[in-house]
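Visitor: Could you show me how to read the features of a protein model, one at a time?

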Amino acid sequence: SVVTCQELCDNIVSEAEEVITGRLANSVTLVSDDVSSVDPPTIPPHCKWPRVLHYTVIDNFMEKRIPHRQEHIRLAEEFMRSGKLVMKGAGGDLIFRSREDAFDFVSLDPYVKYGIVTDYAVREWSMLESAAQLRPT
């Protein structure tokens with residue numbers, strides 16, 4: 001079937017919201033002890049938004065990363081299993097549960113250690129901001 005760009009973007013945003021909500025479920029608090037009557041988890045007001053880690057890399061990144069790639073992937077998988085890394089993607093920004101988790105990752109990442117990453121930024125992640133970036137103008 002044929003879909004418009006708007007419909008495609010809406011579908012992507014909807015799927016991303018489902019994934020993120022599911023992965024953030026470990027960061028929420030149940031309001032009731034009766035699990036059978038509990039609504040799906042929501043993010044409580046005291047819970048901070050996840051953090052995005054963005055890397056700036058050297059010009060020949062694809063070539064220079066090769067010797068360190070498996071260690072970088074292993075580290076990302078370890079952070080994912082522990083719940084500290086919420087979302088990851090090839091060549092994309094990483095979304096962490098907290099600012100501290102993002103900085104912990106940076107301190108251990110071989111891409112940073114071996115100069116593949118020249119700079120990085122950690123900022124608050126916003127579902128609305130991400131959705132706006134996906135929507136056609």
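Guide: Let's begin with contacts: a contact means heavy atoms within 4.5 Å. Leaving aside its neighbours within four places in sequence, Leu-53 is in contact with Asp-93, Leu-94, Phe-96, Ala-102, Phe-105, Val-106, Tyr-120, Ala-121 and Val-122. Keep in mind that this is a predicted model, where local features need pLDDT of at least 70, side-chain atom pairs count only at pLDDT 80 or more, and totals for chains, interfaces and linings use all residues. Residues are numbered from 1 along each chain as its sequence is written, and side-chain values use heavy atoms, with hydrogens and water left out.

Visitor: Which residues touch the most other members of the largest nonpolar core?

Guide: A nonpolar core is a set of buried Ala, Val, Leu, Ile, Met, Phe, Trp, Tyr and Cys residues joined through side-chain atoms within 4.5 Å. Buried means under 20% relative accessible area, exposed over 50%, and partly exposed in between (1.4 Å probe, protein chains only). Here the largest core has 16 residues, and Leu-53, Tyr-55, Phe-79, Leu-85, Leu-94, Phe-96 and Phe-105 touch the most other members. Two or more residues come from each of strand E1 (51–57), helix H3 (69–81), strand E3 (94–96), helix H4 (99–108) and strand E4 (117–124). Those labels are DSSP runs numbered from the N terminus: helices (H or I) have at least four residues, strands (E) at least two.

Visitor: In what order do the four strands form the sheet?

Guide: Two strands pair if DSSP finds at least two bridges between them. In this model the open sheet runs E2-E3-E1-E4, with antiparallel pairing. Strand E2 (85–87) and E4 each have a single partner strand, so one side of each is left without a neighbour in the sheet. E2 and E3 are joined by two bridges; Leu-85 has Phe-96 in E3 as its bridge partner.

Visitor: Which strands does H3 touch?

Guide: H3 packs on the sheet against E1, E2 and E3, and its direction makes about 100 degrees with that of E2. H4 lies across E1, E3 and E4, at about 30 degrees to E1. For such angles, axes are lines fitted to C-alpha atoms, for helices over the stretch in contact, and angles run from 0 to 180 degrees between N-to-C directions.

Visitor: Is Val-117 buried or exposed?

Guide: Val-117, in strand E4, counts as buried because its relative accessibility is 8%. Beyond its neighbours within four places in sequence, Val-117 is in contact with Tyr-55, Thr-56, Val-57, Tyr-111 and Val-112.
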